[in-house]
Structures are given as C-alpha cells and as structure tokens.
Amino acid sequence: MAKAGNRQLGEAKKQKKDEFYTQLADINNELRHYEHHFKGKTVLCNCDDPRVSNFFHYFSYKFEDLGLKRLITTCYKNQERDLFSQNDSERAIWLEYNGDRNGNRIPDPEEIGIRFLKGDGDFRSAECIELLKQADIVVTNPPFSLFREYVAQLIQYGKKFIIIGNQNAINYKEIFPLIMQDKMWLGVRFNKRIGGKNMTFQVPADYPMRGTEMYEEDGKKYISVAGTGWFTNLDIKKRHEEFVFVRRYNPIDYPKYVNFDAIDVSKTADIPEDWYGMMGVPITFLDKYNPEQFEIIGQSLTLADMKVIKKLQGKAGGGPRFYVERDGKLVRLFDRIVIRRRK
Ligand SMILES: C[S@@+](CC[C@H](N)C(=O)[O-])C[C@H]1O[C@@H](n2cnc3c(N)ncnc32)[C@H](O)[C@@H]1O
C-alpha cells in the first residue's frame, strides 16, 4: 500500500481507539477508592457525551452520596459522521448538574442545564479551558491519541484527576517525568484482569471484530484491552501499602548492567531487602510503588549508555535499553525503571 494510504489507515485506527467507551462497572470499581475526595468538589468530565458517557451517569446518580458541589460535562462534536459519539445536534454542548432538586435522587432532564458551546468542544479550546478552571477534579477516559496533551493541560492548570490510559504512556517522555516527580501515579486498577478480563470498552458498531479480546453482547461490541488502567494524582491507600521483601541480594540473581551502574531485578516481587543502591525493575513495579519506601531515579530509555554497547557489539540499534552479560553474550532487556530504596 502507498505511504499515504498507510498513514490514512493509521489515523483511522487511532481515531477508532479514541472511541472506546468505559463501562459503568469499571468506573464504580475504581472510584469507590476515592469517594472521600469528592465532598464539596466540582467534577468535570471533559471528553464525555452525556447521552453515552457512563462517567456522567456515575456522577449524576452519585451526586448526593459523594456530596458533590457541581458536575460539568462537555461533549465533543465529532466532524466524522461515522464515529460512535456522532452527535444528532449540530453543535457541541456542555452540561451542568447541581444535584437533585425534587427529592427523587435521580438526575431529571429539567434539573440538567444544557448549554451550547461556540466551538466543537475540544478540551483544548478556550471555552473548555474556562470550564476546566472551574473544576476541582477531572475524571474521564480521554482520547487515546491525545493523552500527552490531555495530561499536560491538567498539570498546567493544577487539576486533580482520575483518568484512563495505557501502560505505553508510562514511557512517554512527557509522562515519565511526572511519575518520577510524584505528580502522577497509577490508580488502583492497572493492567489487571478481573474475572479473566482486562478493562473492557464498548466500541463503535463498525469496529472490526478481531482477536480473542473482542465480543458482542446485546448487539453491542466490546473490546478488552491489555495494559489499560487508571492514572491519578489523588492519594489512594494502595500508594502507602508496604512492599514485602522476600529476597536478599546475591550477584548471580542480580547481575550488574553492562551500560549503567545498577543491578537488574527482573521481577518486581524479587526486589532484594538488603540492596540500597540503584536497581532496574520492570515497569510493573509502578503498581507496587510506595513513595515512602522507594524513590524513582529514572528509566532505561534515558539512562542506558548505548555508546558502551556500540563499542562492544559494533552496533546498537533499537533505542536505549539496559544490557546484561549472560554466558559471554550481551542480552538486551525490556524497558526498566531505575529505583532506590529510601533508608
Ligand atoms: C476514549 S473515548 C471515551 C469516552 C468517554 N469519556 C468514556 O469513557 O466512555 C474519548 C472521547 O473523547 C472524544 N474526543 C476526541 N477528541 C477530543 C477532543 N479534542 N476534545 C474533547 N473530546 C475529544 C471522543 O469523541 C470520545 O468520545
């Protein structure tokens, strides 16, 4: 296929991934760990068509239980006619809910203020940023392809957030420093199967059914996606759970890297109790990261010295990674996060 055709296909694929819709059960399961944060707060869901968004559903029905002050939801008006969240209305809208007024504890249409936006509801537009400024906590599943920009904007405006993202984002050069500086961390569920399934999203009707991770139920299509989970900057209990050490250091099981001064710990569970120097651990470590116990120093992507590898091998393709020597051969490892125990 011609390059332009490939690009188009890539773009279409990306846009389709932007249309993965979060299930109420997954929202419920995660947000119950944060309930105490919401009292008296304004919540914004800024990538959410209220007619289909379970985030709007969750917060409008839980408004009184959580003690919310205000719920704002903005709806993106897609230009593409065939996309899942395609609007009937010609214009993007935003919606405001200030709680139940008639005592039935249900968000009735007359209690929901619907307002029109001037533009298309892009979260980056000036009018959406105005709404962002009014919010305390932002909760949504943002478009996959705009994750970097989405997070950058939340940080720029100093907002608290609970959002869905993919594990790949951890390595982005815009995201990793935030994780390292404790400005963002993993939520409760991250890359975890529950009942045999990864987090599951409803997809547009024209989404091609492919692979074992897709299924159809009541005429709707769903996909469960490995590597997805929640990112947040709100405190959660999990973040303070002590890591329980079950191993001690020995030079055989914990070899030094050839191209960085640290030992390799190939499984998070094997972090040795008596090693206080630098160590490289798999990215899955972040799910066990307690900042009172450990400090994050960096990642192999920026710390690996590839000049050493080039000298030893004559070539060093594939981007920066740590290497160990095994049976006289150089072995290239997966991405690692470099950590150190706090004393
Ligand atoms: C991954 S979907 C999730 C939808 C909804 N938040 C949910 O979790 O069910 C991302 C949504 O963001 C919308 N979107 C795409 N680009 C956007 C933008 N620039 N600004 C705001 N919303 C956007 C898409 O139309 C889509 O509805």
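## Around the ligand

The shell around the ligand holds 10 nonpolar, 8 polar and 5 charged residues. The model is a predicted one. Of the 23 residues around the ligand, the nearest are Thr-22, Cys-47, Tyr-76, Asn-141 and Pro-143. Strand 1 (21–22) and helix 3 (54–61) are the elements that each give two or more residues to this shell.

## Two domains

Two domains make up the division of the protein chain: domain 1 spans 2–237, and domain 2 spans 241–341. Their centres, taken over C-alpha atoms, are separated by 34 Å.

The two domains also touch. On the domain 1 side, 11 residues are in contact with 11 residues of domain 2. Which elements give two or more residues to the side of domain 1 that touches domain 2? They are helix 7 (176–180) and strand 8 (185–190). By residue type, this side of domain 1 divides into 7 nonpolar, 2 polar and 2 charged.

## A hairpin

Strand 10 covers residues 214–217, and strand 11 covers residues 220–224. The two run antiparallel. How many bridges join strand 10 to strand 11? There are 4.

Strand 10 and strand 11 form a hairpin, with 2 residues between them. Asp-218 sits in the turn. The phi of Asp-218 is positive, at about 50 degrees.

Notes: Residues are numbered from 1 along each chain as its sequence is written. This is a predicted model: local features need pLDDT of at least 70, side-chain atom pairs count only at pLDDT 80 or more; totals for chains, interfaces and linings use all residues. A residue is near a molecule or strand if its C-beta atom, placed from the backbone, lies within 6 Å of it. Ala, Val, Leu, Ile, Met, Phe, Trp, Tyr, Cys and Pro count as nonpolar, Asp, Glu, Lys and Arg as charged, and the others, Gly among them, as polar. Two strands pair if DSSP finds at least two bridges between them. Domain bounds come from an automatic or database domain assignment. Two residues are in contact if their C-beta atoms, placed from the backbone, lie within 7 Å.
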